[in-house]
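Biologist: Hi! Could you walk me through this model with a few questions and answers?

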Amino acid sequence: MTDEHSILELLPGYALGCLDPEDERRVKSHLSGCATCRRELAGFERVTDLLSASVPAAEPPAGLEDRIAANLHSGGSRRRVSWSPVLYAAAAVFILALLAGNLLQWTGVIRRGPTDASRLLTVMLKGTNGAPDAYGTVVLDPADLAGVLAVTGLRRLDAEHQYQLWLIRGAERRSAGVFSVDPGGYGSLLLTVPADFRDFRAIGISIEPAGGSKAPTGEKVMGGTI
Amino acid sequence: MSSSDESDAAVVVRIARGDRDAVRVLYHRYAGLVFGLATRVLGDSALAEDVAQDVFVNVWKKAGTYRADRATVSTWLMRIARNRAIDVVRRVRPSERRATSAWDDLESASDPAPGPSDDAARDQCREEVRAAVTALPPDQRRALSLAFFKGLTHREISSLLGEPLGTVKTRIRDAMRKLRGEISEECAP
């Protein structure tokens, strides 16, 4: 089978976007030098576009138009980044740490009077490739075995799923609770920290069935080192 | 010129110049199709709503990159919608990627929220495409559905269905060739 013939066989899949990476690379590399294949591809891209156009329309939810308009007025972006990404990330984490620390105070989790900030342990969390915009902080009070999580930038999940926080120690994953985020991607969680938490080395957040799992089953979206 | 007379391309030009009202015009014309496609891909109206919002915000941000010689506005929009919905279903709803019922009801499907016009030719074309998809052999339609709606690759479909990779490639290729042959040349996306 000539190379052009084998490429022609792959063009329908390329138009759909369903080729495996190595096939996609082959086709992409070939197309730039083959007008015949580009013409063939155009025909299959037309089919793909017609498939999209043939899907029945559905009435959008009430208020969606206004939410879009509001988003445009706020700059068309959930984050208006006028600083450098590093500076923005540092500011976001700092603000979250403040919020997390204050949340411990106001929820009465700290039972032994005013918090000595120096005893609090702060763990910064960053999003994985699955949640590149996510940032978070866990603030732990070793004296009260309590903690709080504050996150931003996570995608809202459907009703069947929640985020779950895990304390990680070697191969062990111990659940510290489940939470959801609001439409703005913000979420928080009050933690009960195990007495041996200092033996744990990392924290992770994954997507799990609503109510949580006994062990991580879904995609990891955030992590940090204790 | 009333908004109903204005071409889609002219609306996008206005958007590129910063006219937020022009986004509403495009929304009124295409939100139903965008939301419908996102719902079929994701199987969840809340996520589909997020995707629809992302699509129109994306249009606002990237209107200046639209090229009329490459695609119609509707095609451009629906490509953004499909790509975005597949991104989301890959990350957020991996179990939904195994659902293959997305085309089962196409034969009797009606449009509660009609598309941008009551153009008889466009409606005729949509019916033609639906009939062609419905006429595909079930195994071809299923493989095509997994690729088109769920963004699965050949290898992922092969693994999911427990069928040889070559068989899956052939089914998708044959399905697309059949559709290309069945749908009349006059049909435009």
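Modeller: Happy to. The model is predicted: local features need pLDDT of at least 70, side-chain atom pairs count only at pLDDT 80 or more, and totals for chains, interfaces and linings use all residues. Residues are numbered from 1 along each chain as its sequence is written, while chains are lettered from A and ligands numbered from 1 in the order in which they are written.

Biologist: Which residue in the turn between strand 4 of chain A and strand 5 of chain A has a positive phi?

Modeller: Strands are DSSP runs of E, at least two residues, numbered from the N terminus, and two strands pair if DSSP finds at least two bridges between them. Here seven bridges join strand 4 (residues 161-169) to strand 5 (residues 172-179) of chain A, running antiparallel. The two strands form a hairpin with two residues between them, and the one with a positive phi of about 60° is A:G170.

Biologist: How are helix 1 of chain A and helix 8 of chain B oriented to each other?

Modeller: Helices are DSSP runs of H or I, at least four residues; axes are lines fitted to C-alpha atoms over the stretch in contact, with angles from 0 to 180 degrees between N-to-C directions. The axes of helix 1 (residues 3-16) of chain A and helix 8 (residues 165-182) of chain B come within 8 Å and cross at roughly 80°. Since 65 to 115 degrees counts as such, the two helices are therefore roughly perpendicular.

Biologist: Which residues of helix 8 of chain B meet helix 1 of chain A?

Modeller: Contact means C-beta atoms, placed from the backbone, within 7 Å. From helix 1 of chain A come A:E9, A:P12, A:G13 and A:L16. Their partners in helix 8 of chain B are B:K169, B:I172, B:R173, B:M176 and B:R177.

Biologist: And which residues does B:A38 touch?

Modeller: Leaving out residues up to four places away in sequence, B:A38 has contacts with several residues of chain B. They are B:A48, B:V51, B:A52, B:A81 and B:A85.

Conventions. Parallel < 35°, antiparallel > 145°, perpendicular 65-115°, else oblique. Contact = placed C-beta atoms within 7 Å.
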